[in-house]
Amino acid sequence: MELRDVIGPLFKLISEQMGMHRGTITLLNRSNGEIYIEEAYGLSESQLHRGRYKIGEGITGKVVETGKPMVIPRLSEEPLFLDRTGARKNIEKSNISFICIPIQVGDTTIGALSVDRLFEENVSLDEDVRLLQIIGSLIASAVRLRRSALEEKRHLLEENSRLLEQIKDKFQPKNIIGNSRAMQDVYALVAHVAKSETNVLIRGESGTGKELIANAIHFNSLRAQKPFVKVNCGALPESVIESELFGHERGAFTGAVSTRKGRFELAEGGTIFLDEIGDITPATQIKLLRVLQEKEFERVGGMQTIKVNVRVIAATNRNLEEMISENKFREDLYYRINVFPIHIPPLRERKTDILLLADYFVKKYAKSNNKDIKRISTPTIDMLMAYHWPGNVRELENCIERAVILSVDDVLHSHHLPPSLQTAEASRTRPSSNLNEALDNFEKELILEALKATRGNMAKAARNLGITERIMGLRVKKLDINPRRFR
Ligand SMILES: Nc1ncnc2c1ncn2[C@@H]1O[C@H](COP(=O)(O)OP(=O)(O)O)[C@@H](O)[C@H]1O
Ligand SMILES: [Mg+2]
């Protein structure tokens with residue numbers, strides 16, 4: 001595919017057949033209209049570099065411009081001849097004939113092939129022109145091949161990166177609804193971490209879908225065929241959590257009538273999901289730390305050390321950092337679980353997902369209740385959009401389930417929504433007390449967008465927003481934004 005490989009032998013051939021002294025192949029650079037020497041025979045490196053022409057300039061430029069060969073029996077008689085390369089400076093030009101033919105791909109001239117030979121009174125140059133034209137067409141097809149190979153390569157690279165981009169965007173775990181930028185970022189993180197063995201910490205308010213994401217990670221991981229065991233640390237009383245997690249031996253405590261495996265053992269080879277990890281007591285935190293560090297533990301009342309291979313996904317809606325400063329959560333445990341945090345934004349920060357989710361739940365509950373809900377009324381949609389959803393997706397789901405059950409005419413009406421939403425809509429008409437809040441929200445949204453666009457680079461984001469870095473710092477602090485989230 002290298003032009004050089006084709007041209008070297010060709011020049012050798014021409015020099016033997018025609019008594020050629022010098023030969024050059026020039027090509028037209030389509031981007032700047034300059035003609036440059038691609039390959040030469042009998043020229044020094046510096047002469048080669050001097051050979052640059054504009055279209056129409058000199059003999060080479062003329063040939064490229066017109067697409068017609070030029071034959072000059074005696075160079076000394078040709079005013080167009082520039083000798084730009086300086087290769088014939090000390091040569092008697094009346095003795096030199098010069099032939100230049102265009103190299104064409106289809107109808108376009110892509111360059112020229114020129115040759116000098118010694119002038120001989122009784123030799124016709126027509127024969128040489130014909131030979132050069134044949135060679136020119138060989139070169140043209142080499143150039144064409146190379147170009148299409150390059151095009152093809154570029155095309156493949158483009159397609160490849162487009163497809164990669166598409167997979168990245170398209171990766172959306174089944175049964176997780178939402179197209180918002182924020183959720184797409186979450187999906188990308190899931191796709192990124194699922195196949196690894198890393199422990200994951202999923203953070204976000206209650207009802208944002210943390211458990212759903214934990215599921216998605218497990219079922220997209222290499223452990224998908226192995227157990228996914230869920231423990232709700234918040235729901236279990238302190239007295240049972242340890243035996244739940246680690247199991248117990250027979251007789252370990254009153255009621256322990258037989259040996260029982262804990263959830264860690266049950267999850268062997270798979271994933272354990274520790275929901276509400278912020279709720280576990282300091283005593284259990286120590287034991288958990290040991291499993292995370294050493295991958296081993298003992299059953300309650302047991303002597304034997306049990307080894308496990310379990311990936312840990314934890315979730316919490318608590319502010320663990322604050323708990324650490326209050327000595328309620330162990331810092332060393334925090335670092336063990338917080339290797340790869342995924343933050344799921346509250347529903348009110350991704351309003352574009354509300355309708356998608358509402359539609360999804362309408363279908364889900366219409367089906368399970370044998371109803372045929374045809375639509376959600378416009379006032380209902382307005383109320384769903386206006387509400388701030390403190391209970392996030394779970395609240396929306398409950399709300400829609402209830403409305404589906406209440407509906408009698410296959411339409412979800414605004415009076416099917418719970419009172420909390422009704423007052424929310426009404427409260428939107430109280431402007432003064434909420435203006436600051438609304439402005440803060442708007443400001444927060446703008447800053448979040450800017451940080452997203454700059455991958456958490458505060459200086460850049462500040463520049464884009466036209467504010468100083470200092471102001472940016474103050475706002476980020478005031479609005480409780482964590483720019484690291486976007487790195
Ligand atoms: N993006 C989503 N798409 C579909 N359903 C969702 C989504 N997010 C949450 N849900 C549903 O909302 C409810 C609460 O989700 P869950 O994962 O238990 O939240 P969390 O663990 O954060 O409290 C579940 O019924 C879940 O199926
Ligand atoms: Mg939960």
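This is a predicted model: local features need pLDDT of at least 70, side-chain atom pairs count only at pLDDT 80 or more; totals for chains, interfaces and linings use all residues.
Once residues up to four places away in sequence are set aside, Asn95 touches Leu118 and Phe119. Tyr53, by contrast, lies 42 residues from Asn95 along the chain, with 24 Å between the two C-alpha atoms.

Glu268 is located between helix H8 (263-266) and strand S11 (271-275). This residue, too, is classed as partly exposed, given its 16 C-beta neighbours inside 10 Å. Beyond its neighbours within four places in sequence, Glu268 is in contact with Val308, Asn309 and Val310. The C-alpha atoms of Glu268 and Pro282 are separated by 25 Å, although 14 residues part them along the chain.

Turning to the chain as a whole, its secondary structure amounts to 18 helices and 17 strands. The radius of gyration is 38 Å, well over the 23 Å that the globule rule gives for 487 residues, so the chain is more spread out than a compact globule. The C-alpha trace spans about 120 × 65 × 55 Å along its principal axes. Of the 487 residues, 31% are buried.

Confidence deserves a word here. The chain has a mean pLDDT of 87, with 95% of its residues at 70 or more. Over residues 424-433, however, pLDDT stays under 50, and for this segment the model has six contacts beyond four places in sequence.

Ligand 1 is surrounded by 15 residues, the closest being Ile177, Gly209, Lys210, Glu211 and Val393. Sorted by class, this shell contains five nonpolar, six polar and four charged residues. Helix H6 (210-219) and helix H14 (392-406) each contribute at least two residues to the shell. At the level of domains, both domain 2 (191-343) and domain 3 (347-429) give residues to the shell, and therefore ligand 1 lies between them.

How values were computed:
Residues are numbered from 1 along each chain as its sequence is written. Chains are lettered from A and ligands numbered from 1 in the order in which they are written. A residue is near a molecule or strand if its C-beta atom, placed from the backbone, lies within 6 Å of it. Helices (H or I, at least four residues) and strands (E, at least two) are DSSP runs, numbered from the N terminus. Ala, Val, Leu, Ile, Met, Phe, Trp, Tyr, Cys and Pro count as nonpolar, Asp, Glu, Lys and Arg as charged, and the others, Gly among them, as polar. Domain bounds come from an automatic or database domain assignment. pLDDT is the predictor's confidence in each residue, from 0 to 100. Two residues are in contact if their C-beta atoms, placed from the backbone, lie within 7 Å. The radius of gyration is taken over C-alpha atoms; the globule rule is 2.2 Å times the number of residues to the power 0.38. A residue is buried if 20 or more other C-beta atoms lie within 10 Å of its own, exposed if 12 or fewer, and partly exposed in between; C-beta atoms are placed from the backbone.
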